[in-house]
Amino acid sequence: MSTTGVLDLADLASVRRFAALVRGEHPRVDLLINNAGVMAIPERRLTPDGFELTFGTNHLGHFALTGLLLPALVNGRATRVITVSAMVARQGRLQFDNLDWHANYAPMRAYASSKLANVMFAVELGRRAQGLLTSAAVHPGTALTGLQQHTSRLARVIAGLILEPLIGHSAEEAAAVTIHAATSSDVVNGGFYAPTGRFEMRGRPGPVRLPKAAADSDLRERLWQVSEELTGVHYEFATAAGDGKA
C-alpha cells in the first residue's frame with residue numbers, strides 16, 4: 001500500500017482528508033479496524049469540532065471515518081469492519097442530553113459510555129449493511145497498554161503487579177481477539193467477541209453477550225441519528241452499493 005497520511009480521529013477535518021486520500025488511492029477496502037481511543041482524560045476537554053474529547057474520538061471519529069469510507073468498503077471482498085470496544089462497555093450509559101459531558105464530567109464514566117457507543121455502532125452498522133459487509137465489535141479483555149497513561153502512577157504500578165500477570169494478559173495476547181474477528185470464518189454480522197476466560201479478562205477469543213443497551217434497537221437508532229447530525233456524515237448504503245458495482 002502506498003497510502004500515507006496523518007489521521008486524527010478527534011478532528012473531523014482530518015478524518016475527511018484521510019478518507020479522501022484512502023478512497024483516491026484504494027477504491028476497494030477489504031478490512032477496516034476501528035481501534036483508536038483515549039481513556040480517562042482527567043479533565044473535560046473538547047475536540048476542534050466542540051465534542052467532548054472521549055466521545056468525539058472513540059465514537060464520532062470512527063463513525064465518520066467508516067461512513068466516509070463506505071463506498072470503498074462496499075466495493076471490498078468479503079469486507080469486515082471491526083470496532084474495538086472495552087469491558088467497561090457493560091457499565092456504560094448514554095445520556096443523550098449530556099453526550100458532551102457539560103454536566104458532571106467523570107473520566108471513567110465518559111470512557112465507558114464511549115465504549116458502549118462503539119458496540120452499539122458496530123451492531124447497528126451490521127444491521128443496516130446486511131449483505132454488503134460484516135460488522136462486529138470486540139473487546140480485548142484486560143491488558144496494560146499506553147491507554148492507561150492518564151491514570152495515576154500508583155494505579156499503573158499496582159496494575160503492573162496484579163492486572164496482567166494474575167488476571168489479565170499481554171497486549172499481544174489481547175490483540176488476538178481483534179485478529180480473530182477480522183479473519184475467522186465463525187464471525188457473524190453484528191456479533192461481539194472477547195476473551196472467553198473467567199470474567200472475559202483473558203482466554204481464547206469467542207462470542208460474548210452484548211451489553212443490554214446494544215441489543216436495544218431503539219437506542220441504537222437514536223445514537224445513529226445523533227451521530228449523523230453531529231458529524232454531518234450520512235450513510236448512503238444504496239448509493240454506496242451502486243458505486244461499488246464494476
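Analyst: Strand β2 (residues 80-84) has 5 of its 5 residues buried, so the strand is largely enclosed by the rest of the structure. Buried here means under 20% relative accessible area, against over 50% for exposed and partly exposed in between, with a 1.4 Å probe and protein chains only. Strands are DSSP runs of E with at least two residues, helices are runs of H or I with at least four residues, and both are numbered from the N terminus.

The model is predicted: local features need pLDDT of at least 70, side-chain atom pairs count only at pLDDT 80 or more, and totals for chains, interfaces and linings use all residues. Residues are numbered from 1 along each chain as its sequence is written, and side-chain values use heavy atoms, with hydrogens and water left out.

In a regular strand the side chains alternate between the two faces of the sheet. In β2, Arg80, Ile82 and Val84 point one way, while Val81 and Thr83 point the other way. Both sets are buried.

With strand β1 (residues 31-34), β2 forms 4 bridges in the parallel sense. Here Asn34 stands opposite Thr83 of β2. With strand β3 (residues 134-138), β2 also pairs in the parallel sense, over 5 bridges. Thr83 stands opposite Ala137 in this pairing. The chain passes from β2 to β3 through helix α4 (residues 107-128), a right-handed β-α-β crossover. Right-handed means that, with the strands pointing away from the viewer, the path from the first strand over the helix to the second runs clockwise.

From β3 the pairing continues to strand β4 (residues 192-195), which runs parallel to β3 and is joined to it by 2 bridges. Val138 has Tyr193 of β4 as its bridge partner. β4 in turn pairs with strand β5 (residues 205-207) in the antiparallel sense over 3 bridges, and there Tyr193 stands opposite Pro207.

His180 links several of these parts. This residue lies in helix α6 (residues 171-183) and counts as buried at 19% relative accessibility. Beyond its neighbours within four places in sequence, His180 is in contact with Arg80, Val187, Tyr193 and Pro205. Contact means heavy atoms within 4.5 Å.

Elsewhere in the chain, Phe55 in helix α2 (residues 53-68) is buried, at 3% relative accessibility. Not counting residues up to four places away in sequence, Phe55 touches Leu60, Leu94, Leu99, Ser114, Ala117 and Leu223. Phe55 and Ser114 are 59 residues apart in sequence, yet their C-alpha atoms are 5.1 Å apart. Phe55 also lines the largest cavity, together with residues including Arg93, Trp101 and Ser113. That cavity has a volume of about 40 Å³, and the structure holds 2 cavities of 30 Å³ or more. A cavity is a set of points on a 1 Å grid over the protein atoms alone where a 1.4 Å probe fits but cannot get out, and lining residues have an atom within 4 Å of a point. Grid points are joined across faces, edges and corners, and the volume is the space filled by probe spheres set on the points.

For the chain as a whole, 8 helices and 5 strands are present, and 50% of the 246 residues are buried.

Methods: Pairing = 2+ DSSP bridges. 1 Å grid on protein atoms, 1.4 Å probe; cavity = no way out; pocket = protein on both sides within 12 Å on 5 of 7 lines; lining within 4 Å.
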